[in-house]
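Hi,

Here is the structure I promised to pass on. Have a look at it first, then read my notes below.

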Amino acid sequence: MSEHDPDDLAGLREEIDDVGRSAARRFDPGTGALTIAIASLAILVSLILPWTDDIQGLSLLFGQGRGLPELFAYTSVVVGVLLPALTLALRRWTLAWICALASFAASVAGVLSIWTTQTTTGHHPGPGPGAGLILAVVAIVVLLIKWMKLAASRPPMQ
(Lines give C-alpha, C1' and ligand atoms only; values in the text may rest on other atoms or scores of the structure.)
Protein backbone atom coordinates (compact mmCIF):
# COMPACT_ATOMS: atom_id res chain seq x y z
CA MET A 1 0.00 0.00 0.00
CA SER A 2 2.78 2.41 0.83
CA GLU A 3 4.17 2.06 -2.69
CA HIS A 4 1.05 3.65 -4.19
CA ASP A 5 0.84 6.54 -1.76
CA PRO A 6 3.45 8.74 -3.53
CA ASP A 7 1.70 8.18 -6.86
CA ASP A 8 -1.69 8.97 -5.35
CA LEU A 9 -0.33 12.16 -3.79
CA ALA A 10 1.32 13.18 -7.06
CA GLY A 11 -1.95 12.62 -8.91
CA LEU A 12 -3.86 14.60 -6.32
CA ARG A 13 -1.29 17.41 -6.46
CA GLU A 14 -1.58 17.53 -10.27
CA GLU A 15 -5.37 17.66 -10.04
CA ILE A 16 -5.22 20.52 -7.52
CA ASP A 17 -2.76 22.39 -9.75
CA ASP A 18 -5.09 21.95 -12.74
CA VAL A 19 -8.00 23.40 -10.75
CA GLY A 20 -5.79 26.31 -9.68
CA ARG A 21 -4.73 27.05 -13.25
CA SER A 22 -8.34 26.88 -14.41
CA ALA A 23 -9.44 29.26 -11.66
CA ALA A 24 -6.63 31.69 -12.55
CA ARG A 25 -8.03 32.03 -16.08
CA ARG A 26 -11.47 33.04 -14.77
CA PHE A 27 -12.73 36.26 -13.18
CA ASP A 28 -15.65 37.14 -10.96
CA PRO A 29 -17.33 40.36 -12.10
CA GLY A 30 -19.19 40.84 -8.83
CA THR A 31 -21.56 43.80 -8.85
CA GLY A 32 -19.87 45.08 -12.02
CA ALA A 33 -21.92 42.53 -13.96
CA LEU A 34 -25.07 44.50 -13.13
CA THR A 35 -23.54 47.73 -14.46
CA ILE A 36 -22.43 45.94 -17.61
CA ALA A 37 -25.91 44.48 -18.09
CA ILE A 38 -27.57 47.88 -17.62
CA ALA A 39 -25.18 49.51 -20.11
CA SER A 40 -25.92 46.75 -22.63
CA LEU A 41 -29.64 47.30 -22.11
CA ALA A 42 -29.13 51.03 -22.66
CA ILE A 43 -27.50 50.27 -26.01
CA LEU A 44 -30.48 48.14 -27.02
CA VAL A 45 -32.88 50.92 -25.97
CA SER A 46 -30.82 53.47 -27.91
CA LEU A 47 -31.49 51.53 -31.11
CA ILE A 48 -35.17 52.50 -31.06
CA LEU A 49 -34.36 56.18 -30.51
CA PRO A 50 -33.30 58.58 -33.30
CA TRP A 51 -29.57 58.72 -33.99
CA THR A 52 -29.27 61.23 -36.87
CA ASP A 53 -31.88 63.08 -38.94
CA ASP A 54 -34.69 61.15 -37.21
CA ILE A 55 -33.12 57.85 -38.38
CA GLN A 56 -33.34 55.22 -35.67
CA GLY A 57 -30.39 53.06 -34.69
CA LEU A 58 -32.18 49.97 -36.01
CA SER A 59 -32.54 51.64 -39.39
CA LEU A 60 -28.80 52.32 -39.40
CA LEU A 61 -28.19 48.65 -38.65
CA PHE A 62 -30.29 47.68 -41.65
CA GLY A 63 -28.38 49.96 -44.00
CA GLN A 64 -30.48 53.13 -44.13
CA GLY A 65 -27.64 55.44 -43.06
CA ARG A 66 -24.04 55.77 -44.05
CA GLY A 67 -20.74 56.81 -42.58
CA LEU A 68 -19.54 56.66 -39.03
CA PRO A 69 -22.95 56.52 -37.32
CA GLU A 70 -23.74 53.34 -39.26
CA LEU A 71 -20.35 51.86 -38.36
CA PHE A 72 -20.89 52.82 -34.73
CA ALA A 73 -24.33 51.17 -34.76
CA TYR A 74 -22.74 47.86 -35.75
CA THR A 75 -19.87 48.34 -33.33
CA SER A 76 -22.09 49.23 -30.40
CA VAL A 77 -24.20 46.09 -30.85
CA VAL A 78 -21.20 43.79 -31.17
CA VAL A 79 -18.99 45.43 -28.54
CA GLY A 80 -21.74 46.59 -26.21
CA VAL A 81 -24.17 43.67 -26.28
CA LEU A 82 -22.84 40.47 -27.86
CA LEU A 83 -19.23 40.49 -26.63
CA PRO A 84 -20.13 41.35 -23.00
CA ALA A 85 -22.74 38.57 -22.96
CA LEU A 86 -20.14 36.07 -24.17
CA THR A 87 -17.52 37.37 -21.74
CA LEU A 88 -19.83 37.27 -18.72
CA ALA A 89 -20.90 33.75 -19.64
CA LEU A 90 -17.35 32.41 -20.05
CA ARG A 91 -15.63 34.70 -17.49
CA ARG A 92 -12.19 34.57 -19.07
CA TRP A 93 -9.55 37.23 -18.45
CA THR A 94 -8.58 37.28 -22.11
CA LEU A 95 -12.13 38.13 -23.12
CA ALA A 96 -12.29 40.84 -20.44
CA TRP A 97 -9.23 42.49 -22.01
CA ILE A 98 -10.74 42.13 -25.48
CA CYS A 99 -13.92 43.83 -24.21
CA ALA A 100 -11.86 46.64 -22.68
CA LEU A 101 -9.89 47.30 -25.86
CA ALA A 102 -12.94 46.93 -28.12
CA SER A 103 -14.89 49.33 -25.88
CA PHE A 104 -12.09 51.86 -26.27
CA ALA A 105 -12.22 51.58 -30.05
CA ALA A 106 -16.03 51.78 -30.01
CA SER A 107 -16.00 54.84 -27.77
CA VAL A 108 -13.65 56.62 -30.18
CA ALA A 109 -15.95 55.69 -33.07
CA GLY A 110 -18.95 56.92 -31.07
CA VAL A 111 -17.42 60.30 -30.28
CA LEU A 112 -16.38 60.69 -33.91
CA SER A 113 -19.95 59.77 -34.94
CA ILE A 114 -21.32 62.58 -32.80
CA TRP A 115 -18.76 64.96 -34.25
CA THR A 116 -19.51 64.02 -37.87
CA THR A 117 -23.24 64.56 -37.36
CA GLN A 118 -22.52 68.11 -36.23
CA THR A 119 -20.26 69.07 -39.13
CA THR A 120 -20.86 69.53 -42.83
CA THR A 121 -18.77 70.66 -45.78
CA GLY A 122 -20.63 73.99 -45.90
CA HIS A 123 -20.99 76.76 -43.35
CA HIS A 124 -24.21 75.37 -41.93
CA PRO A 125 -24.13 73.04 -38.95
CA GLY A 126 -25.12 69.43 -39.43
CA PRO A 127 -28.30 67.88 -38.07
CA GLY A 128 -26.59 66.94 -34.81
CA PRO A 129 -26.74 63.72 -32.87
CA GLY A 130 -30.00 62.24 -31.71
CA ALA A 131 -30.80 61.00 -28.22
CA GLY A 132 -30.11 57.39 -29.21
CA LEU A 133 -26.60 58.13 -30.47
CA ILE A 134 -25.73 60.05 -27.31
CA LEU A 135 -27.16 57.28 -25.10
CA ALA A 136 -25.18 54.64 -26.99
CA VAL A 137 -21.92 56.58 -26.67
CA VAL A 138 -22.44 57.12 -22.94
CA ALA A 139 -23.22 53.40 -22.49
CA ILE A 140 -20.07 52.41 -24.42
CA VAL A 141 -17.95 54.73 -22.28
CA VAL A 142 -19.46 53.19 -19.13
CA LEU A 143 -18.60 49.75 -20.51
CA LEU A 144 -15.07 50.95 -21.27
CA ILE A 145 -14.57 52.06 -17.66
CA LYS A 146 -16.05 48.86 -16.21
CA TRP A 147 -14.10 46.51 -18.48
CA MET A 148 -10.81 48.36 -17.88
CA LYS A 149 -11.29 48.16 -14.11
CA LEU A 150 -12.24 44.51 -14.31
CA ALA A 151 -9.46 43.51 -16.69
CA ALA A 152 -6.81 45.40 -14.74
CA SER A 153 -7.91 43.87 -11.42
CA ARG A 154 -6.36 40.49 -12.19
CA PRO A 155 -4.17 39.44 -9.29
CA PRO A 156 -0.53 38.68 -10.11
CA MET A 157 0.22 35.07 -11.02
CA GLN A 158 2.19 33.14 -8.44
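Let's start with Ala-131, which sits in helix α6; helices here are DSSP runs of H or I with at least four residues, strands are runs of E with at least two, and both are numbered from the N terminus. Before going on, note that this is a predicted model, where local features need pLDDT of at least 70 and side-chain atom pairs count only at pLDDT 80 or more, while totals for chains, interfaces and linings use all residues. Residues are numbered from 1 along each chain as its sequence is written, and side-chain values use heavy atoms, with hydrogens and water left out.

Back to Ala-131: its relative accessible area is 47%, so it counts as partly exposed (buried means under 20%, exposed over 50%, partly exposed in between, using a 1.4 Å probe and protein chains only). Leaving aside neighbours within four places in sequence, Ala-131 is in contact with Leu-49 and Pro-50, where contact means heavy atoms within 4.5 Å.

Next, helix α2. It has 15 residues and spans 21 Å from first C-alpha to last, close to the 21 Å expected at 1.5 Å a residue (the expected span is 1.5 Å times one less than the number of residues). Its buried residues, including Ile-36 and Ile-43, pack against β1 (50-52), α4 (68-90) and α6 (131-152).

Which residues does Ser-76 touch? This residue of helix α4 touches Ile-43, Trp-51, Val-81 and Ile-140, not counting residues up to four places away in sequence. Ser-76 is buried, with a relative accessible area of 0%.

Now for the charges. Side chains of opposite charge can pair when their charged atoms come close. The count here is 1 salt bridge, meaning a side-chain nitrogen of Lys or Arg within 4 Å of a carboxyl oxygen of Asp or Glu. Asp-28 pairs with Arg-91, with the closest N and O atoms 3.4 Å apart. Asp-28 is in the loop between α1 (5-24) and α2 and Arg-91 in the loop between α4 and α5 (93-118), so the pair ties together parts that are 63 residues apart in sequence. Asp-28 is exposed at 61% relative accessibility, while Arg-91 is partly exposed at 32%.

Cheers
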